[in-house]
Amino acid sequence: MEKVSIKCKVAVSGNVRAKLLYSKDSFCFWGGADPQSGLIRDNRSDCYEKNMAGQVLAFPFGKGSSGAGLVILEQVRLDCAPAAIINLRSDPVILTGPLIAKHFYNKSIPVVNLSEEDYEKLEGAKEIEFFEDKDYIDVYY
């Protein structure tokens, strides 16, 4: 596998390497994701009927409900949350889920932000690796 390192802004730190689920569409966890399975239910999404459980979920922006963090927390509790999240700009409401998951469930869900140019480089990638103490991610093709 080819590896490329991409500089990022870390919103929530953590160590993980997982497969990538990449989207060009904004995403809403409330109503857009099944909190009991991780299945994407938003039929307008280019990831419709794919499962985010245990994968790095990349979507440019969050949209919608203030309940997004609660959906992520329920997914963590049921072990079907994304392994990590990549955005262009993370919505503070979405960040509440990964931040609180560290405290309630001792589960780390890294969240990073990329430039638009670097976000586009994710298309076609297979896996992403995050590091607790680094300001970059490794992208595997």
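## Basis of the description

Helices, taken as DSSP runs of H or I with at least four residues, and strands, taken as DSSP runs of E with at least two, are numbered from the N terminus. By that assignment the protein has four helices and eight strands. This is a predicted model, in which local features need pLDDT of at least 70 and side-chain atom pairs count only at pLDDT 80 or more, whereas totals for chains, interfaces and linings use all residues. Residues are numbered from 1 along each chain as its sequence is written, and side-chain values use heavy atoms, with hydrogens and water left out.

## Overall fold and dimensions

Read along the sequence, the elements follow the pattern β-β-β-α-β-α-β-α-β-α-β-β. The radius of gyration, taken over C-alpha atoms, is 13 Å, close to the 14 Å that the globule rule (2.2 Å times the number of residues to the power 0.38) gives for 141 residues, so the protein is as compact as a globular protein of that length. Along its principal axes the C-alpha trace spans about 35 × 35 × 25 Å.

Of the 141 residues, 49% count as buried, a term that stands for under 20% relative accessible area with a 1.4 Å probe and protein chains only. Among contacts (heavy atoms within 4.5 Å) between residues at least 6 apart in sequence, 74% join residues at least 24 apart.

Strands are said to pair if DSSP finds at least two bridges between them.

Strand β2 pairs with β6 (residues 111–113) in the antiparallel sense over three bridges, and Lys9 has Asn113 in β6 as its bridge partner.

## Two buried residues

Cys47 lies in the loop between α1 (29–32) and β4 (56–58), and it counts as buried because its relative accessibility is 1%. Not counting residues up to four places away in sequence, Cys47 touches Leu21, Tyr22, Ser23 and Ile40.

Asp118 belongs to helix α4 (residues 116–120) and, at 15% relative accessibility, also counts as buried. Leaving aside neighbours within four places in sequence, Asp118 is in contact with Ile6 and Lys7.

Definitions and conventions:
Buried < 20%, exposed > 50% of the residue type's maximum accessible area, 1.4 Å probe, protein only.
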